[in-house]
Amino acid sequence: MRTDTGQVFKLEDYRPNDYLIPQTDLTFRLSPDATRVTAVLTVERRDGVSVSAPLVLDGDGLTPQRIEIDGKKAKPADLLVTSDQLTILKPPAARRFQLLIETELAPATNEALMGLYRSSNVYCTQCEAEGFRRITYFLDRPDILSVYTVRIEALRDEAPLLLSNGNPVDKGDLGDGWHYARWHDPFPKPSYLFALVAGNLGQVADSFVTASGRTVELGIYVEPGKEKLAGYAMDALKRSMRWDEEAFGREYDLDVFNIVAVSDFNMGAMENKGLNIFNDKYVLADQETATDADFANIEAIIAHEYFHNWTGNRITCRDWFQLCLKEGLTVFRDHEFSADQRSRAVKRIAEVRTLRAHQFPEDQGPLAHPVRPRRYREINNFYTATVYEKGSEVVRMIRTILGPDAFRAGMDLYFERHDGDAATIEDFIKVFEDASGRDLSQFALWYHQAGTPNLTVSSTHNPASQEFTLEIEQSVPPTPSESRKRLMHIPLAFGLIGAGGKPVEYSGVEGASVEDGVIHVRKRRHMVRFSGVTERPAVSLNRGFSAPVTLSVEQKADDQFFLARHDSDTFSRWQAFNTLLTDALIAAFREILGGKRPGFAPRLTELAGSIAGDEALEPAYRALALALPSEADIARDIGSNIDTDAIYAAREALALAIAAANRETFSGLYDRLADNGPFSPDAASAGRRALRNILLDYLSLLPGGAALAAGHFQSATNMTDRAAALAVLAHRHHGSPEATKALASFETIYGSDPLVMDKWFQVQASVPGPQTVDTVRALTGHPAFSMANPNRVRSLIGTFSSANQTGFHRADGEGYRFFSQTVLEVEKRNPQVAARLATALRSWRSLEPGRQAKAREALLSIANAENLSADLRDIVERTLA
């Protein structure tokens, strides 16, 4: 485990390396405890570099067994060797030479799951961001592109399957039970995209015919006996391949495309060229074991990793500061794919909910950083919602500003100009400027400046002059290391809505550039005047969430109710209702703190019933609308002095008021939505289940609710309904006979299925209340739980710390104490997972003083631990700063 070196990497310090490695030949002789890796590197000195320039290669915990230069053993005097670095002090005078490095690894004991490791007796690699240096010494950075040829040798009985990047070249028998396979990837790639898998796995095989008529052999590899669970993943892959051809003109370029599902994985998946390695959570699914959300996630993540073939692999990033160039762009692409496969309106709302839940708090706290960071100490900690989700929103804004045709022209130019490159954000912006003729220099601040902009908006209507005026003012709050902010270019989509929901016409506009229903906010303040407006309109702002900003709008509640019923923009209609719910919850929170019983306007609860029963709206949309803002959402909008118990009480009070006011409507709709037909994971069927299950959640608050939920659980024919009922019972009726029986029944049925047991852990970890920390502590000793498996840790500890506001933020600080102890225990095995867990305390300063002090104590207990990893120390010190 690398402990903190204190080194800070800065964007401004980037320079190309003196050396290139155009060709890499690797031979692996696999063994659980003593894998021998022989790397033969063709090293090339750049033009103009002095022959005396040393070659410095990265390592991490390595011990070289043999080093040769041009076939001769290297002299010890010519080398500086540590476990983390190999320096050739006197490279050959020739411009190009060969360097052989032999290392020995112990994959079976690699619990950090970086480099080469074993998962359920399968050899597997994970090299992003800096895992390749745990395999051999190398120039382990994204701008060193190399053509890889890989030979894998293993005992046939132990590893009948031998996979690597690219196309298969050769295979054969070596005698004594050993065999080999050789793979060649003709496309130069950085070391972080290297992959190897070897083991005994079952295969789901298929093929795909590309737009140009080439046949690509497809394979998904899973634990033997689980092949039937990979059918949906294969279908999603083929749909992804066709969609990328049609939407972006991108055809797959190798003869084979393979996916491998493993049970121990730090992330969701990895886009290694031609050999994607997945957390099995995002491959395995059927109606008995996976929820509709699981099916949707599989579809999206399969697509995301496949789309990386062009946005990340064929065009990679010059350095890790450009991480959003591959991740934010590819998230945008997978969002568009899912929107086309499912419901664009529903998908957009879900995207924004995710952004607000994860990225907005990041922007508002000590871990804030620009979409393209300017400095980092540990790159693993910058795989963040800002890089991914906000990065996607920035790409979406480019399309909004340019329009779809100019955006597509810019993407085509990007692929043409930078194929085979390690590119930068500047390269990306430039193609859109060149394709459209637009100046995007002010817009580029979205990449360079941290923080969520706020727009303050007020409006007036002068009936005599028939003039409607919007006053818009932008501001960006200070963030760590950035106290002064520059003005942003914000594309604000809008609509003026009149009686009956019809658009209000205007004859002219001045005060800002307005194009295709978008106000281009570029200055501190705009006075946007619309002429020829005969009636006072309701203003629909940030339609489709055209920009990732917060809005402070001086708007009457009547207008919000009107927009919630009549706005033609589906996102803004949802937003209007969500704003009404949020305002009511914040008011209730304050009443509870003041010792009062909260009350809610009847027209708000009636509106919930009206939306639920509106057959003109998709069921999935209605389900999202009825989902109350989360406790974390409410805390974020309150901003400071947070009492999580009061927020929970406010939310429960509103849920009960809505349920009581709409009992007949909800009950009738719940009965009508019962589906006795065959299961399908399609969007329409999933939407009906989502609506029925949220109605169950409301109805469970009323008399007879426990029995209703228990009946739902017992009659469920799919995991979506079964898991939803289990959560309702555990959360709404904790400790009841019905809840106890359902939890026991679920464990009995699924105790041998780790992925399904993750749901069982999640349900119990998210039960509201102070008692849950004791439950979670006890569950760490459950036979199905393991601190060494990231999925188990995330399902139990991650859920408790990020999705249980009352349990985690227990007033006496016990939740924090348990959490800090557990984070340190996880870190001994896996620093990456520990560091990501630690971000749960990023908003500790917003808590009320008592909880704030206890959260700080927990953070200090982590910071003061001995031999802290670079990953965890980086997060904790920034959180405390």
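**Entry 1**

I began with strand 5 and strand 6 (residues 72-73), which run antiparallel and are joined by 2 bridges. I took helices (H or I, at least four residues) and strands (E, at least two) as DSSP runs, numbered from the N terminus. I counted two strands as paired if DSSP finds at least two bridges between them. This is a predicted model, in which local features need pLDDT of at least 70 and side-chain atom pairs count only at pLDDT 80 or more, while totals for chains, interfaces and linings use all residues. Residues are numbered from 1 along each chain as its sequence is written, and side-chain values use heavy atoms, with hydrogens and water left out.

Strand 5 (residues 64-69) pairs with strand 9 (residues 96-105) in the antiparallel sense over 5 bridges. Arg-66 has Glu-102 of strand 9 as its bridge partner.

Which order do the 8 strands of the open sheet have? I read it as 6-5-9-3-2-12-15-14, with mixed pairing. Strand 6 and strand 14 (167-175) are the edge strands, as each pairs on one side only. Within the sheet, strand 2 (residues 19-29) and strand 3 (residues 35-45) run antiparallel and are joined by 9 bridges. Val-40 in strand 3 is the bridge partner of Asp-25.

**Entry 2: strand 13**

I looked at strand 13 (residues 161-164) next. In a regular strand the side chains alternate between the two faces of the sheet. Here Leu-161 and Leu-163 are on one side, Leu-162 and Ser-164 are on the other, and all are buried. I used these cut-offs: buried is under 20% relative accessible area, exposed is over 50%, and partly exposed is in between (1.4 Å probe, protein chains only). Strand 13 pairs with strand 16 (residues 196-199) in the antiparallel sense over 4 bridges. Leu-162 has Ala-198 of strand 16 as its bridge partner.

**Entry 3: helix 1**

I checked the span of helix 1 (residues 231-248), which has 18 residues. From its first C-alpha to its last it reaches 26 Å, close to the 26 Å expected at 1.5 Å a residue. The expected span is 1.5 Å times one less than the number of residues.

The buried residues of helix 1 include Tyr-232, Leu-237, Trp-243 and Phe-248. I found that its buried residues pack against several elements, among them strand 17 (202-209), helix 2 (292-307) and helix 3 (323-341). Gly-249 follows helix 1 and has a positive phi, near 70 degrees.

**Entry 4: rings**

I counted 40 aromatic pairs in the structure. Rings of Phe, Tyr and Trp (its six-membered ring) pair if their centres lie within 6.5 Å; planes under 30 degrees apart are stacked, over 60 edge-to-face and the rest tilted. The pair of Tyr-306 and Phe-307 is edge-to-face, because the ring centres are 6.1 Å apart and the planes are at 65 degrees. Tyr-306 and Phe-307 are both buried.

The rings of Phe-666 and Tyr-698 have centres 5.5 Å apart and planes at 50 degrees, so this pair is tilted. Phe-666 is in helix 15 (residues 663-672) and Tyr-698 in helix 16 (residues 683-699), so the pair ties together parts 32 residues apart in sequence. Phe-666 counts as buried because its relative accessibility is 0%, and Tyr-698 is buried at 4%.

I also noted a cluster linked by ring pairs, with Trp-243, Phe-248, Tyr-306 and Phe-307 among its members.

**Entry 5: two arginines**

I found Arg-314 in the loop between helix 2 and strand 22 (316-317). Is Arg-314 buried or exposed? It counts as buried, because its relative accessibility is 13%. Its side chain makes a polar contact of 2.6 Å with the side chain of Asp-253 and one of 2.7 Å with that of Asp-419. A polar contact is a pair of N or O atoms within 3.5 Å; within protein, one must be able to donate a hydrogen and the other to accept it, and residues adjacent in sequence count only if both atoms are side-chain atoms.

Arg-372 lies in the loop between helix 4 (344-363) and strand 23 (375-376). With 7% relative accessibility, Arg-372 is buried too. I noted a polar contact of 2.7 Å between the side chains of Arg-372 and Glu-426.

Key. Contact means heavy atoms within 4.5 Å.
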